[in-house]
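Work through the exercises below with the sequence and the 3D view open. Try each task before you read its solution.

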Amino acid sequence: MIRWSLTKSTPVAETPRSWIFRVEQNGRNFAALKILKRAVSEEEGRGARLLSWYGGDGAATVFDMHGDTIFMEWLDGGTLGEAARNGRDAEATTALATVASNLHRHRADAPADLLPLRQRFQALFDTDVRAWPHTARDLYARSAGIALKLFDKPMPEIPLHGDLHHDNIISSDRGWLAIDPKGLVGDPHYEVANAFRNPSGATKLAADPKRINAMADAFAARLGFNRKRVLGFAAAHSGLSVCWDLADGKPVTTDLAILPNLLSAYDQA
């Protein structure tokens, strides 16, 4: 509070990764303090340094960082997830592509500690297929195989948000802004992979083959991406998400509903 001349703080949320406070300067200027929990401070700190590097272009602005505390722009608008869940999914896809384009603009001096994308996928390659439900083991084999094929044909690498989806993009008076990056470096096609299995709570929408193909078309057209590669990373990431959830003891029904249609779209691309 003293470091940044803050006059008031109000607890907003506690997540498994951080505590978040809304703070004031001189009783009028709102900002956010995000205090990282020690167990995840390495990963979250990497993301925060990438967020700072974006300089507020397509992302929330980081004003300063000290230790495990991030002093940043306060955003209280709605999310793209709300738009998509309320019948504005095509608009949300366009906005997400615009945010990705802004984040991918060339900037000098990227953070040096970004996590290689291949390393991010290690859980997919290390998981025993027997951990998957018996009827879904072919989905594991397909998603892991596609991931290996993608990494065998590498693209030029850039800094990646790494968790760009509808509920990590918030409305502001500066437009739609991304929050909570993971801080990766790798193939730019991966950036939109998680969008295909989102927004949260909209499994029927995410599993719709027409929606999958429309999103792939939009990302290819607006970002200049290779359509098949986009769908490949979407399928591979869905498989990776199943592996993470199985390891954590969480339900995997959402991805098992979406992944077959992602694979089908990939095959037809």
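**Exercise 1.** Find how α8 passes α9, and work out how the two helices lie to each other.

Solution. Helices here are DSSP runs of H or I with at least four residues, and strands are runs of E with at least two, numbered from the N terminus. This is a predicted model, where local features need pLDDT of at least 70, side-chain atom pairs count only at pLDDT 80 or more, and totals for chains, interfaces and linings use all residues. Residues are numbered from 1 along each chain as its sequence is written, and side-chain values use heavy atoms, without hydrogens and water.

Step 1: the axes of α8 (residues 209-223) and α9 (residues 227-248) come within 9 Å and cross at roughly 125 degrees. Axes are lines fitted to C-alpha atoms, for helices over the stretch in contact, and angles run from 0 to 180 degrees between N-to-C directions.

Step 2: α8 and α9 are therefore oblique to each other. Oblique is what remains after under 35 degrees (roughly parallel), over 145 (roughly antiparallel) and 65 to 115 (roughly perpendicular).

**Exercise 2.** Name the residues of α8 that meet α9.

Solution. From α8 come I212, N213, A216, D217, F219 and A220; they meet R227, V230 and L231 in α9. Contact means heavy atoms within 4.5 Å.

**Exercise 3.** Give the strand order of the open sheet.

Solution. Step 1: the order is β1-β2-β3-β5-β4, with antiparallel pairing (strands pair if DSSP finds at least two bridges between them). Step 2: β1 (8-14) and β4 (62-66) each have a single partner strand, so one side of each lacks a neighbour in the sheet.

Terms used
Left-handed = near helix turned anticlockwise from the far one by under 90°.
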